[in-house]
Amino acid sequence: MTILIFGLLIFLGMHCVGLFAPAWRQRRVARLGVGAWKGLFSLIALAGFVLIIWGFQRARLDPVLLYASPAWLGHLNALFTLVGFILLAAAYVPGNRLKAKIGHPMVAGVKIWALGHLLAVGFLRDVLLFGAFLAWAIAAFAILRRRDRASGVTYPPGTLKGDVITLVVGVVAWGLFAFWLHGPLIGVRPFG
């Protein structure tokens, strides 16, 4: 578990810098330059991500069950994850109403994805992983929305075309991941 926790601290810690220490981050960007900062950020986040994967795989060797979820929560998790993928698509597809309304749909998608997995899976490793991402996403969403309001940020209104593209991209990406990639990459086949 130590490797998993260390990886989460590094990965999510890097993603907290801009949230909790924006002035410090700006000083680093000014000193290093945007490209060098992004490179350093990416390397450190990637190292944390690798440690998360490694630590999670090692934690599977010694499972500790905290709670057993009913099977129907697994189905609910599939729905939560579908919504999460649509929100992820909304972060990148231009001109959609989800981005206009939510402002930070990727972070909202992480919240929904993490909550669904916490409801469906009760092993200690899962609670650590998804609980950490859920806590980060709740804090990040609140901070980012507060900053938007304080700065008077508004997002361009979306269009029906943007909404349809967002929905199609999100559903297709979810289908590919859920039915073909989750098993080989994560080791769990959500749909058998």
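Guide: Contact means heavy atoms within 4.5 Å. Helices are DSSP runs (H or I, at least four residues), numbered from the N terminus. This is a predicted model, in which local features need pLDDT of at least 70 and side-chain atom pairs count only at pLDDT 80 or more, while totals for chains, interfaces and linings use all residues. Residues are numbered from 1 along each chain as its sequence is written, and side-chain values use heavy atoms, with hydrogens and water left out.

Visitor: Which residues of helix 3 meet helix 7?

Guide: From helix 3, Ile52, Phe56, Ala59 and Arg60 are in contact with Arg125, Asp126, Leu129 and Phe133 of helix 7. This contact comprises five nonpolar, no polar and three charged residues. Here Ala, Val, Leu, Ile, Met, Phe, Trp, Tyr, Cys and Pro count as nonpolar, Asp, Glu, Lys and Arg as charged, and the others, Gly among them, as polar.

Visitor: At what angle do helix 3 and helix 7 pack?

Guide: Two packed helices are described by the angle between their axes and the distance between the axes. Axes are lines fitted to C-alpha atoms, for helices over the stretch in contact, and angles run from 0 to 180 degrees between N-to-C directions. Helix 3 (residues 34–60) and helix 7 (residues 124–151) pack at about 150 degrees, their axes being 9 Å apart. Helix 3 and helix 7 are therefore roughly antiparallel; the term applies to angles over 145 degrees, whereas under 35 is roughly parallel, 65 to 115 roughly perpendicular and the rest oblique.

Visitor: Which residues have the most contacts inside the largest nonpolar core?

Guide: In soluble globular proteins, nonpolar side chains tend to be buried together. A nonpolar core is a set of buried Ala, Val, Leu, Ile, Met, Phe, Trp, Tyr and Cys residues joined through side-chain atoms within 4.5 Å. Buried means under 20% relative accessible area, exposed over 50%, partly exposed in between (1.4 Å probe, protein chains only). The largest core has 25 residues, and Leu8, Ile52, Val107, Leu129, Phe133 and Trp136 have the most contacts inside it. Helix 7 gives the largest share, ten residues. Beyond four places in sequence, Ile52 touches Leu4, Gly7, Leu8, Phe11, Leu129 and Phe133.

Visitor: Against which helices do the buried residues of helix 1 pack?

Guide: They pack against helix 2, helix 3 and helix 7. Leu4, Gly7, Leu8 and Phe11 are among the buried residues of helix 1.

Visitor: Is Arg28 buried or exposed?

Guide: Arg28, in helix 2 (residues 22–32), is buried, with a relative accessible area of 17%.

Terms used
Helix = DSSP H or I, 4+ residues; strand = E, 2+ residues; numbered from the N terminus.
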